[in-house]
Structure formats: C-alpha cells, structure tokens
Amino acid sequence: MGNTLGLAPMGALPRRSPRREEPLPNPGSFDELHRLCKDVFPAQMEGVKLVVNKVLSSHFQVAHTVHMSALGLPGYHLHAAYAGDWQLSPTETQQAKFLTWQFDGEYRGDDYTATLTLGNPDLIGESVIMVAHFLQSLTHRLVLGGELVYHRRPGEEGAILTLAGKYSAVHWVATLNVGSGGAHASYYHRANEQVQVGVEFEANTRLQDTTFSFGYHLTLPQANMVFRGLVDSNWCVGAVLEKKMPPLPVTLALGAFLNHWRNRFHCGFSITVG
C-alpha cells in the first residue's frame, strides 16, 4: 500500500476567507463640521488680549482671558471645561455679574454622535433654549445629520430644523448645512504641508443677506510662524500673523482688518500662555 495523494477536482478554486470591513469612524461633533475650513481663516482681533490656559488634571482645565479695547469696557472671561460625560461650558463674568449659563451633554458611539445643549434654563420663568445635534457616518467619507434648535419664553415659542452633510476626500472636504434659517457651505483644500485654502458661502433668509469668503493659511515651520488671510464679498480684507516662542509656551499674534465698504479699520495684539 502506498501513500495516497488527494487532489482537488479540476475547476475548483480555493475558498478565500471573507474580507473584514473596517468599522466606520466617529463623525465628530456637529460644531466641528466646518472646522477645517474655518481654521484657515484668521480670527477677528481688536485691542489687546491676554489668555492664560491651565490644565488642572486630565479631566479639568480652565482658561482666563483679559481683553482691553478702545471700543468698550475691559472684560474678563473665565472658561471651565470638564472632559468627561458632562461638560461645563464657558461662564462669562464682567463687572462681577454672571451673564449666561449653558450645559452640554455629548455621547459618542462608534459611528455616530448625539449632543444636547441647554442654555439659560429658567424653571420659574418658563424659558429655555435647547439645541440637539445628531451625526451618523454612512461611509468612511460621507456623514449626514441634523440640528434642532428649540426656544421658549413667555409669549414666544419656536423651533428650527437644519440638515447637514459632509464629504471627505484625501486632500479636500466639502460641507453643507441647509435649513429654514438659511444655508452654509464650505470647501477646504490642502495643497501641501505649508499651504491650505478655504471657501465659505453663507446665506441668511431672515436677514436677506449672503456672504462669500476666501481664506488661506500659510505655515513657515522653520520660523515657527503661521500666516492667515481672508477676503470676502463685503469688501473686507484681513490678516493675522502668529509667532511661537519656543521653548516658552507663549504665542504672540498680531492682526489687522479693513472694511473698504464701511471705511473701518481695526487691529489687535494678543499673548497666549499655555
């Protein structure tokens, strides 16, 4: 008796194990849908500002902001954030008076995010502002969701629904929000490691106003500098230059903005520690 060699019948192909699909990513929060594009644009600056950030623990951090301006009274802003199941939002104080209260709750699943925000809740006066967000990743590149804003106060009650979508490619991201209050569209493109550009379109049905903006972001890593600029359809131009001062945790920023239509000019300087 010899050894027997078993051969597979002709035409039969070996079975391949099924390919495991990668799980869908979390879409992030609703407020971050246009974040990539907005980070390209320079932030408005006016007067002198000092910001001190302090991390107290892995879950709790605070920020102190002092702002002095020729257009208004000096102000102090305290921001306290808890990175846990619940987050305490910014509480502003000016002239030792509390102005607003806001409570945020967010839950992030594997491929979706749900957020609930309550602003200025007043059980006695029967007034509240509630904002609910939901985002769902349908594919690795497509995210859909919506926002519901509900407000109630004596003699007034209403709600606004907004639908949102975002498509992310390798080098660009397109985002669109559409609702009864208007529309907001943005396009972000990364040309290379140093150059980024962004385009925004906003339409407000209540104010009957539309705005088109173009911004650019230039990074100079060897000089530890970042330059941001913008131009929009309201004849506004502006730019901000940021300079980091290693090894110190200090960032200096100088900005200037000019509105040709209204003939207004303002500039600002800020120091950020931490």
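The following legends describe close-up views of a predicted model.

Local features are reported at pLDDT of at least 70 and side-chain atom pairs only at pLDDT 80 or more, whereas totals for chains, interfaces and linings use all residues. Residues are numbered from 1 along each chain as its sequence is written, and side-chain values use heavy atoms, with hydrogens and water left out.

**Figure 1. Overview of the protein.** The secondary structure comes to one helix and 19 strands; helices (H or I, at least four residues) and strands (E, at least two) are DSSP runs, numbered from the N terminus. Of the 274 residues, 26% count as buried (under 20% relative accessible area, with exposed over 50% and partly exposed in between; 1.4 Å probe, protein chains only). The accessible surface is about 19200 Å², and 62% of this area belongs to carbon and sulfur atoms (Shrake-Rupley method with a 1.4 Å probe; for residues, only the protein chains shown count as cover).

**Figure 2. Strand β12 and its two partners.** Strand β12 covers residues 172-179. Seven bridges join β12 to the antiparallel strand β11 (residues 156-168), and eight join β12 to strand β13 (residues 182-190), also antiparallel; two strands pair if DSSP finds at least two bridges between them. The hairpin from β11 to β12 passes through three residues, and that from β12 to β13 through two. Thr175 in β12 stands opposite Lys166 and also opposite Ser186 in β13.

**Figure 3. Surroundings of Asn177.** Asn177 lies in strand β12 and is buried, with a relative accessible area of 11%. The side chain of Asn177 forms a polar contact of 3.3 Å with that of His34 (a pair of N or O atoms within 3.5 Å; within protein, one must be able to donate a hydrogen and the other to accept it, and residues adjacent in sequence count only if both atoms are side-chain atoms). Not counting residues up to four places away in sequence, Asn177 touches Phe30, Leu33, His34, Thr162, Leu163, Ala164, Gly182, Ala183 and His184, contact meaning heavy atoms within 4.5 Å.

**Figure 4. Nonpolar cores.** The largest nonpolar core has 10 residues, including Cys37, Phe41, Val173, Tyr188 and Phe257; such a core is a set of buried Ala, Val, Leu, Ile, Met, Phe, Trp, Tyr and Cys residues joined through side-chain atoms within 4.5 Å. Another core, of five residues, lies apart from it, with Phe30, Leu33, Val143 and Ala164 among them.
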